[in-house]
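I opened this structure with a notebook beside me. Below is what I looked up, entry by entry.

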Amino acid sequence: MTTQVEEALQALGARLRGFRKDAGFTSGRAFARATSWQESKVSRIENGRQRPSEDDIRIWCQATGQNDQLGDLIAIVRHVDELWLDLRRLLRTGAEQRQQQAIPVYGKTRVFRIWHPTVIWGTIQTSEYAAAVFDQVVGFYEVPDDAEAAVAKRLERQRYLYRGEKIFNVLLGEQALYTNFGGPDTMKGQLDRLLAVMRLPRLSLGIIPRSAPVAIWPGNSFSMFDDRLVLVETYSAELSVTQPREIEMYTKAFALLQQSAVYGTAVRELVLRASHHYDQLPTD
């Protein structure tokens, strides 16, 4: 969990603890007996270590005579859900819808800061590379197979690379050049694509060489949309960061990552070296 989620859960837990005490349950054990819960569950919820379900909130309000607070508390729980979206739930109808939801965010953003340590950023992927990625997404999350539609929707973002006044600051780890999606031919096509987009006037492509000294650990990939939103994706969830204090931390992290990156001719050399690597691999 991030600070923003932790703070929301801790504030909710403190409020629920107050309801318990006001209702005369002087201990978590007494409240656990009244609700037929484990005492440890009461403790985890009150201390913000467990997100209560909406049913938990209903039981809590009923047991403490706070039913008039039910709507407000459920709204808080749903807000926490929005901050930390379960990816399987997000992708339950397939991957296309998630790609569609991203397009308006891209349309509203002027300055992008992108960090991907191991994968080529989606907006500069080739269709073949993106198809290989979405095939894995569909299989891993066991969601409806709409990979072809998801690829088409992802490629729609590319129009922003060529028009308007948007600025793209893209940082990749060198491993992203070698993480093999789709085999040598797909990877060589993707690397050619990188050589093409790095010439775009409003796109800055930096690569952190694998042996470069780092000023901060690489962490998860993240995408910053101006100074208003950061999306962080893990295997299980997508986190939306909107709190200014946390966004400042990602701004600082991106700046530190940039200190280890190379640009221009050095990037071109790294990409060509990776392409030569794939030349040595069998294509069958």
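**Entry 1: Arg20**

I started with Arg20, which sits in helix 1, residues 3-22. Helices here are DSSP runs of H or I with at least four residues, strands are runs of E with at least two, and both are numbered from the N terminus. I noted that this is a predicted model, where local features need pLDDT of at least 70, side-chain atom pairs count only at pLDDT 80 or more, and totals for chains, interfaces and linings use all residues. Residues are numbered from 1 along each chain as its sequence is written, and side-chain values use heavy atoms, with hydrogens and water left out.

Is Arg20 buried or exposed? Arg20 has a relative accessible area of 4%, so I wrote down buried. Buried means under 20% relative accessible area, exposed means over 50%, and partly exposed is in between, with a 1.4 Å probe and protein chains only.

Next I looked for a partner. The side chains of Arg20 and Glu46 make a polar contact of 2.5 Å. A polar contact is a pair of N or O atoms within 3.5 Å; within protein, one must be able to donate a hydrogen and the other to accept it, and residues adjacent in sequence count only if both atoms are side-chain atoms.

I then listed the contacts of Arg20, leaving aside neighbours within four places in sequence. Among them are Phe31, Glu46 and Trp60. Contact means heavy atoms within 4.5 Å.

**Entry 2: Aromatic pairs**

Two of those names took me to the rings. I found 15 aromatic pairs by the rule used here. Rings of Phe, Tyr and Trp (its six-membered ring) pair if their centres lie within 6.5 Å; planes under 30 degrees apart count as stacked, over 60 as edge-to-face and the rest as tilted.

How far apart are the ring centres of Phe31 and Trp60? The distance is 4.5 Å, and the planes stand at 40°, so I recorded this pair as tilted. Phe31 belongs to helix 2 (28-35) and Trp60 to helix 4 (54-64), so the pair ties together parts that are 29 residues apart in sequence. Phe31 is buried at 0% relative accessibility. Trp60 is buried too, at 1%.

I also checked Phe140 and Tyr141. Their pair is edge-to-face, with 4.8 Å between centres and 85° between planes. Tyr141 counts as buried at 10% relative accessibility. One aromatic cluster holds Tyr106, Phe112, Trp121, Phe168 and Phe225.

**Entry 3: Helix 11**

I moved on to helix 11, residues 184-197, and picked Val197. Val197 is buried, at 1% relative accessible area. Along the chain, Val197 and Ile124 are 73 residues apart, yet their C-alpha atoms are separated by 7.4 Å.

Gln190 is buried, with a relative accessible area of 0%. What lies 2.7 Å from a polar atom of the Gln190 side chain? I found the backbone nitrogen of Thr126 there. Not counting residues up to four places away, Gln190 touches several residues, including Ile124, Thr126 and Tyr129.

**Entry 4: Glu7**

I went back to helix 1 for Glu7. Glu7 is partly exposed, at 33% relative accessibility. Beyond residues up to four places away in sequence, Glu7 touches Gln243 and Arg245.

**Entry 5: The largest pocket**

Rolling a probe the size of a water molecule over the atoms shows where empty space is left. I looked up the largest pocket and read about 1,100 Å³ of space. On a 1 Å grid over the protein atoms alone, a pocket is an open set of points where a 1.4 Å probe fits, with protein on both sides within 12 Å along at least five of seven lines; lining residues have an atom within 4 Å of a point. The volume is the space filled by probe spheres set on the points, which are joined across faces, edges and corners.

The lining has 37 residues, and the closest to the centre are His116, Val119, Val133, Ser221 and Glu233. Helix 8 gives the largest share, six residues.

**Entry 6: The whole chain**

I finished with the totals. The chain has 13 helices and seven strands. Of its 284 residues, 50% are buried.
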